[in-house]
Amino acid sequence: MKRSVFIKSSLAGAALVLVQKITRSENTDLIKKMIPKIIRKGEGRVLNVIGDMQTIKLTGEETNGQFTLIEEENVPGTMIPMHTHSNEDEVFRVLEGQMELTVGGKTTVLNPGDIGFGPRGVPHSWRIVGNRKAKVILSVFPAGIESMFEELSQLPAGPPDLTKVAEICGRYGVHFV
């Protein structure tokens with residue numbers, strides 16, 4: 001084997017080993033930063049986000065920014081108007097009741113066990129339908145939107161100031177259509 005070929009292949013092999021060690025180290029650091037947690041029924045931080053009753057179950061702080069997990073329990077008629085996310089993908093899983101989800105121009109009713117996916121950049125809205133409360137698990141990837149929900153929950157009671165709502169949401173990359 002020529003010396004130059006030997007040196008190049010040795011350097012390539014060393015670089016590959018180094019990349020693998022760094023990747024393993026980053027994954028280990030990621031796992032170390034995650035906080036194990038058991039969340040019981042009824043536990044979590046309860047927020048009234050302009051009528052959307054949310055219980056924050058897992059935050060980005062606990063998942064190292066990977067995702068946020070929220071349980072929503074709302075009466076029929078509760079809704080969020082058409083909007084887009086610049087930063088997050090959302091997954092809705094209906095546990096109880098019914099949710100009408102509009103995403104990508106298609107509207108459907110989700111029943112218990114059904115899942116809807118709202119990718120970032122795709123306009124979507126939802127509304128609780130039927131004659132009973134709905135319970136929905138909202139998973140948001142990556143985390144961070146819980147900060148927006150926290151801020152929105154601090155607005156005064158009563159009809160929302162839509163200009164203020166749009167300003168808060170806009171800072172988080174959420175825009176109404």
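Predicted model: local features only at pLDDT ≥ 70, side-chain atom pairs only at ≥ 80, totals over all residues.
Start with the two helices. Helix α3 covers residues 145–153, and helix α4 covers residues 162–171. Their axes come within 9 Å and cross at roughly 160°. An angle over 145 degrees counts as roughly antiparallel, so α3 is roughly antiparallel to α4. The crossing of α3 and α4 is right-handed.

Which residues make the contact? On the α3 side they are M148, E151 and L152. On the α4 side they are V165, I168, C169 and R171. Sorted by type, the residues of this contact comprise 5 nonpolar and 2 charged ones, with no polar residue.

Next come the aromatic rings. A pair of aromatic rings is described by the distance of the centres and the angle of the planes. The count here is 1 aromatic pair, formed by F67 and F141. The ring centres of F67 and F141 lie 5.8 Å apart, which is within the 6.5 Å needed for a pair. Their planes stand at 35°. Planes under 30 degrees apart would count as stacked and those over 60 as edge-to-face, so this pair is tilted.

Where in the chain do F67 and F141 sit? F67 is in the loop between α2 (60–63) and β3 (68–74), while F141 belongs to strand β10, residues 134–141. The two are 74 residues apart, and the pair links distant parts of the chain.

F141 has a relative accessible area of 34% and is partly exposed.

How values were computed
Residues numbered from 1 in each chain as written. Heavy atoms only, no water. Axes fitted to C-alpha atoms, helices over the stretch in contact; angles between N-to-C directions. Helix = DSSP H or I, 4+ residues; strand = E, 2+ residues; numbered from the N terminus. Parallel < 35°, antiparallel > 145°, perpendicular 65-115°, else oblique. Left-handed = near helix turned anticlockwise from the far one by under 90°. Contact = heavy atoms within 4.5 Å. Nonpolar A, V, L, I, M, F, W, Y, C, P; charged D, E, K, R; others polar. Phe/Tyr/Trp six-rings, centres within 6.5 Å; stacked < 30°, edge-to-face > 60°. Buried < 20%, exposed > 50% of the residue type's maximum accessible area, 1.4 Å probe, protein only.
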